[in-house]
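User: Hi! Could you walk me through a few residues in this one?
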Amino acid sequence: MKIGNKEFQTKGRTYCMGILNITPDSFSDGGKFLKKDDALKQVEKMLAEGVDLLDVGGESTRPGYERISAQEETERVVPVIEAVKAEFDIPVSLDTYKPEVALDGIRAGADMINDIWGLKYEESMAGIIAESGLPCCLMHNRKEAVYEDFMQEVAADLALTVRIAQKAGIADDKIILDPGVGFAKTCGQNLELIHCMEELSVLGYPLLLGASRKSVIGLTLDLPACDRLEGTLATTVLAVMKGCMFVRVHDIKENVRAIRMTEAILGAGK
């Protein structure tokens, strides 16, 4: 799969997507990178630590988040996308579910759209992505954590997302699926999802795991967001073992090392 000017293997390799939140209220790093210069310094640091792809977001989607206007979100992310594309050679994903923001981000140089509502928030999102020809990451989400058969329903919801994408004209080889850890799921369901995520490979698309510093780690280990690195690394190792294409993380250096070590172990003797 080509994202920006970089080719990514969809199987047999796990890549590191680095989180860059241009927000005042994200659960673990809110306010740190609101200024463009601070954001660019963070990008430089992540590049030095081995990041493969950036994910820029302008609205916090933590539990209980407050929705901001598309204009405000655009004003946060577009200058950063433009600056990153001008100064660094790295693909940039835009984390948004709003069609207007996606369109402005694409014009600014975004190489991928990461939609936490899996094309189900506004109908026009699928068409905008299709027309752009860009790849997309489509996440599982729903309004409430109510399930009768959890994994089966997650798979069914993602299958519906794929049908929406296909109907709009998004090519199959442009789609990555995210099972949505932390979104409309209890702590127990999030643990089950991480444990069983390889079951979603039956859908036929590469997977992204985004569990970095999330509440499932905090609740399991009784730790605040600033102290969840080891828990995150455990999820990253599992993601590699289960064949995920990407992990979306805050701490680049440590997660890259965990990926490389796990891949080396799995590849030994082959």
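This is a predicted model: local features need pLDDT of at least 70, side-chain atom pairs count only at pLDDT 80 or more; totals for chains, interfaces and linings use all residues.

User: Great. Which residues form the negative surface patch?
Analyst: That patch is made up of E148, D149, E192 and E199.

User: Where is E199 found?
Analyst: E199 sits in the loop between α6 (187–196) and β9 (208–209).

User: And how exposed is E199?
Analyst: E199 has a relative accessible area of 44%, so it counts as partly exposed. Exposed would take over 50%, and buried under 20%.

User: Switching to N190: where does it lie?
Analyst: N190 is in helix α6.

User: Is N190 buried or exposed?
Analyst: N190 is buried, because its relative accessible area is 2%.

User: What is N190 in contact with, leaving aside neighbours within four places in sequence?
Analyst: With those neighbours set aside, N190 contacts G180, V181, G182, K185 and V216.

User: Nice. New topic: which strand holds C137?
Analyst: C137 belongs to strand β7, which covers residues 136–139.

User: Buried or exposed, that C137?
Analyst: C137 is buried, since its relative accessibility is 0%.

User: So which residues is C137 in contact with, again leaving aside neighbours within four places in sequence?
Analyst: Apart from those neighbours, C137 touches M112, I113, N114 and D115, along with I176, D178 and L208.

User: Last one: how many Å apart in space are C137 and G12?
Analyst: From C-alpha to C-alpha, C137 and G12 are 18 Å apart, and 125 residues separate them in sequence.

Technical notes: Residues are numbered from 1 along each chain as its sequence is written. Side-chain values use heavy atoms; hydrogens and water are left out. Patches are made of residues with over 30% relative accessible area and no salt bridge: like charges are joined within 9 Å, nonpolar side chains (Val, Leu, Ile, Met, Phe, Trp, Tyr) within 5 Å. Accessible areas come from the Shrake-Rupley method with a 1.4 Å probe; for residues, only the protein chains shown count as cover. A salt bridge is a side-chain nitrogen of Lys or Arg within 4 Å of a carboxyl oxygen of Asp or Glu. Lys and Arg count as positive and Asp and Glu as negative; His and the chain ends are not counted. The place of a charge is taken as NZ of Lys, CZ of Arg, CG of Asp or CD of Glu. Helices (H or I, at least four residues) and strands (E, at least two) are DSSP runs, numbered from the N terminus. Buried means under 20% relative accessible area, exposed over 50%, partly exposed in between (1.4 Å probe, protein chains only). Contact means heavy atoms within 4.5 Å.
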